[in-house]
Amino acid sequence: MSNKRDKPSNRKYRPQFCPGKTLIAENRRRYLNPDYKLKKIRPLSEEEITRLLGFRAPGEAYKSVHPPLEELGEPDCPIRRLVEPTPGAKAGDAIKFIQFTDSIYFAPIMSTIRARLYHWRYRGCDVGALSGRIPLEMRERDLEVVAKELLETEIFDPAVNAVRAITVHGHSLRLDENGIMFDAKRRTMYSAKDNCIYYVKDQWGRTLGTPINFGTRTSEEELKERTCAYRTDNIDFEEDADEFLRTTFNVYENRVRGGWGKEIPKPLKP
Amino acid sequence: MREQTVPEYVNLYNDSGKLVAEKVPVDGLDPARNRAVTRMLYEMKRTVVIDLDKVEKSLRTGSLGGEYCRMPHYAMPEIAIVENAERIRERVEAFIRTSKKDDARVALFDNGKRLLVQLPRSTLEVSADYTAPALVGGAASVQAIVDEFDIDPLKAQACASAVFGRYPSTIDFKGGAINSAMGVPLRLEHLGYGWRTVSSNVIVSIANRNAMKSAALSGCFEMSYLVNAGNLVGRYRRLYLLGFAYECLNAENLVYNTVRALGREGTTGKVICEIMERALDDGVIRKKEALPSGFTIYEPVDLELWNAYAACGMLAATMVNCGAARCAHSVSSVIVNYNEMLLNESGLPDVEFGRATGTGLLLDFLTHALYGGGEVGLMTANHPNLKTTKLFAMPCVCAATALDAGTLTYPPEKMTGIFSQIFREMTEFKNPIESIAEAAIEAGNGRE
């Protein structure tokens, strides 16, 4: 490989993220693209993020799982010299997590796309996508930085996305009269006074001293514009099915060819 | 009959990205033809470590065979095994030597706390499987202790339990003092899985926590399993030989260069872009069709070589992501999402045609306390999960373990540090890529 390609800006290949020509596919490409800056729609302070995560009191030192790398002295490995550790790894922070539950009712983002978003955008992330919840594990101070972006921007809506470390049930249930996703621990509260949604408990369901204001919920019309999930009552998957299926067919055709170790087997005679 | 050959050559680069050998015949990387790999396997196969310190503690207290088993009436509070380790070593050596000039080796480590036993070639040739070192070494140690301390017949059985643990009541040496790099045959998932029982921790210990060497050594064991299990014949031969060369031995410097380019700011997604660009430049893949949205579907020109490129990307993504967090646990997440993103990105098949994705998914459950299971460092390719991907997943797991800075509960140093000391001086383990390249060239020359 020539040296000129070492800089990311010199690369010719432009990622395409996923097929599809509808708004949904465009949203997916927008969210996944690390060069696209997610639109900020609410300000949250670092202290509020810390309180919401519930691992330490604001101002308290980060818990560490090993001494800082400088003190520890790293083994002689060329890969370690090439790969820059994140600030959390440098300090030896413990691994902590944030877990999201995303409603099937037009949430801007959901598990599968979230997992890909994390791996397109963030370094040192550990994510496991499940149908109704999606934990993201990272070194604690790295997690706080990432969580801030995830909670402040257009991919989070307080009514249909939720931060839940435990008791996650609710992603597939109908929304309540205020359009908010069911939560057995009632971590969020709708205030009719200012039409805002507040987190009154942290992600573990422990009551917060001061509620955290996440602003107003987004209207269903706008969510339909922002979501990256196909739905028959919004943009049907059928509209993009042709492109997706052609891509998937290509994958499977080659998988069969590779698994069989030769050309595609001939069809059996009827 | 025509000989099976893969008429291709690769350039191999070492863990620092320096060219070590040009035009290495891929066929010479087959463990059955490669002297360096054969030597590694031989040394591993004949080696066992007896934990004399543990034997002494067990006999002094009567705690035999692990948890819940205390038999104070068997206790010998005065026994001083570690203190007399040298005499025990001499006795053991006398038991296992078959001739004065054989290659048996019996040595003490950690101030007499550990006894290394390496059986001579002649004993191994007689044995039907690879259990001889554990059984011969164990039996020799028991007898040496009984003889040295003149122990009576009733208490001699306690000595056997202190060394062998609950075996033969259990199928392995549960609670015993025998440390072997390999698991017992009764624990094999399938026939021919012997080389897959070497855990990630052992490999990382031998490689002294060097990520690239860990991947290389892991690849050697996986390839040897493929030979053993009949997977390296016929139509799949080229797939695995190329995978081994590119992913594990850094062929064409693909892994190293990718990590170098993306080490500071890279993510899993950016690694995919790098691999796609390189594959396009090298003509390994090409555009197949453009869809109305502008999305381009690619197809492999050379499917097996593309698989090797994709596997390189998977290892590089592991190094970038796990390396950035200096934490091994995210390897499963990288395996799943790298492959998932790759096929959504291009329409190309993922690593080993879907098997890696499946492995990554279950590995995620097993290493994140959803299904119990275990830690990344304790994983072996003999596990019901990792066995499903041949060759390609285990190097990633080993590289991730090597890059961990201390988040593991059972790190290599604590579990298997002794293997690092034993094989420290062996060139093949010290510089696997160089040794294997040299031996492959030799093998190629011999055939012409």
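**Exercise 1. What volume does the largest pocket have, and which residues lie nearest its centre?**

Step 1. The volume of the largest pocket is about 1,300 Å³. A pocket is an open set of points on a 1 Å grid over the protein atoms alone, where a 1.4 Å probe fits, with protein on both sides within 12 Å along at least five of seven lines. This is a predicted model, in which local features need pLDDT of at least 70, side-chain atom pairs count only at pLDDT 80 or more, and totals for chains, interfaces and linings use all residues. Residues are numbered from 1 along each chain, and chains are lettered from A, in the order written.

Step 2. The lining has 45 residues, each with an atom within 4 Å of a point. B:Ile178, B:Asn179, B:Ser180, B:Met182 and B:Gly183 lie nearest the centre.

Step 3. Helix 16 of chain B gives the most to this lining, with eight residues.

**Exercise 2. Which residues have the most contacts inside the largest nonpolar core?**

Step 1. They are B:Tyr246, B:Trp306 and B:Tyr338, in a core of 166 residues.

Step 2. Helix 12 of chain B gives the most to this core, with 16 residues.

How values were computed
Side-chain values use heavy atoms; hydrogens and water are left out. A nonpolar core is a set of buried Ala, Val, Leu, Ile, Met, Phe, Trp, Tyr and Cys residues joined through side-chain atoms within 4.5 Å. Buried means under 20% relative accessible area, exposed over 50%, partly exposed in between (1.4 Å probe, protein chains only). Helices (H or I, at least four residues) and strands (E, at least two) are DSSP runs, numbered from the N terminus. Grid points are joined across faces, edges and corners, and a volume is the space filled by probe spheres set on the points.
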